[in-house]
Amino acid sequence: ASGGLAMVHYEVIDTTQDHIEELAETMAEADIDEVWASSHRTPLEALLLSQTVTDDIQTGLADGEVVCIFGVSPLSILSGSGSPWMLSSDLLPKHSRVFARGNKIWMEMQKERWQSMTNHVDARNKRAIRWLKWMGFNFEEAKPHGAEKMPFHEFSWEQG
């Protein structure tokens with residue numbers, strides 16, 4: 001055996017029911033808290049709802065383990081606006097560099113598909129906020145939002 005680092009196999013594939021069930025069990029605490037504050041949904045309920053409203057739902061895997069599930073749900077077909085979302089497991093920080101690069105490519109593809117994108121992020125979810133800013137989203141001041149009326153930032157991107 002060589003003394004080198006083991007290579008991790010990364011892939012992004014269409015989401016399966018098994019992926020949803022796995023992430024419902026392994027979701028990061030910040031995402032669990034955000035889902036509950038916004039909608040009073042469990043991780044499984046949030047993932048199942050997201051699956052029904054997103055036509056191109058994707059799963060990021062590292063060595064076959066679910067790191068994140070993400071997509072853009074349409075808000076208005078007429079205006080070409082969508083709502084980007086991502087829910088992740090505790091594995092994401094360990095693999096964040098690889099997924100960040102992949103997310104930049106994904107974002108470029110979404111910019112060709114959508115005229116605008118907007119959603120809300122829990123003001124407590126610092127990692128998600130850093131990622132969204134890095135992806136090029138603009139932020140509003142945090143305001144009470146969702147079922148718990150917790151502070152959330154609206155974030156958005158529009159075709160320039």
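Me: Which residues does Met 117 touch, not counting residues up to four places away in sequence?
Reply: The model is a predicted one. Met 117 is, with Phe 137, one of the residues that touch the most other members of the largest nonpolar core, which has 21 residues. Beyond four places in sequence, the residues touched by Met 117 are Val 72, Gly 82, Pro 84, Met 107, Gln 110, Phe 137, Phe 155, Ser 156 and Trp 157.

Me: Is Ser 116 buried or exposed?
Reply: Ser 116 belongs to strand S5. Leaving aside neighbours within four places in sequence, Ser 116 is in contact with Gly 80, Ser 81, Gly 82, Trp 157 and Glu 158. Buried means under 20% relative accessible area. The relative accessibility of Ser 116 is 17%, so this residue counts as buried.

Me: Within what arc do the buried residues of H5 fall, seen down the axis?
Reply: In H5, the residues Ala 128, Ile 129, Trp 131 and Leu 132 are buried. Because they line one face of the helix, their directions seen down the axis of H5 stay within an arc of 165°.

Me: Which residues are exposed on the other side of H5?
Reply: The buried residues of H5 are covered by elements that include strand S4 (81-88), H4, S5, strand S6 (138-139) and S8. On the other side of this helix, the exposed residues are Lys 126, Arg 130 and Lys 133.

Me: At what angle do helix H1 and helix H3 pack?
Reply: Gln 17, Ile 20, Leu 23 and Ala 24 in H1 meet Pro 43, Leu 44, Leu 47, Leu 48 and Gln 51 in H3. By class, this contact has seven nonpolar, two polar and no charged residues. The crossing of H1 and H3 is right-handed. With their axes 8 Å apart, helix H1 (residues 17-26) and helix H3 (residues 43-53) pack at an angle of about 150°.

Me: Why are the buried residues of H3 on the same side of the helix, and what arc do they cover?
Reply: The buried residues of H3 are Pro 43, Ala 46, Leu 47 and Ser 50. They lie on the same side of H3 because, around the axis, they cover an arc of only 95°. Among the elements that cover them are H1, helix H2 (29-39), S3 and S4.

Me: What is the relative accessible area of His 40?
Reply: His 40 is in the loop between H2 and H3. Although not a glycine, His 40 has a positive phi of about 55°. This residue is partly exposed, and its relative accessible area is 34%.

Me: What is the relative accessible area of Asp 63?
Reply: Asp 63 is found in the loop between strand S2 (58-62) and S3. Its phi is near 50°, a positive value in a residue other than glycine. Asp 63 is partly exposed, with a relative accessible area of 48%.

Conventions:
Residues are numbered from 1 along each chain as its sequence is written. This is a predicted model: local features need pLDDT of at least 70, side-chain atom pairs count only at pLDDT 80 or more; totals for chains, interfaces and linings use all residues. Side-chain values use heavy atoms; hydrogens and water are left out. A nonpolar core is a set of buried Ala, Val, Leu, Ile, Met, Phe, Trp, Tyr and Cys residues joined through side-chain atoms within 4.5 Å. Buried means under 20% relative accessible area, exposed over 50%, partly exposed in between (1.4 Å probe, protein chains only). Contact means heavy atoms within 4.5 Å. Helices (H or I, at least four residues) and strands (E, at least two) are DSSP runs, numbered from the N terminus. The arc is that of the directions from the helix axis to the C-beta atoms. Axes are lines fitted to C-alpha atoms, for helices over the stretch in contact, and angles run from 0 to 180 degrees between N-to-C directions. A crossing is left-handed if the near helix is turned anticlockwise from the far one by less than a right angle, and right-handed if clockwise. Ala, Val, Leu, Ile, Met, Phe, Trp, Tyr, Cys and Pro count as nonpolar, Asp, Glu, Lys and Arg as charged, and the others, Gly among them, as polar.
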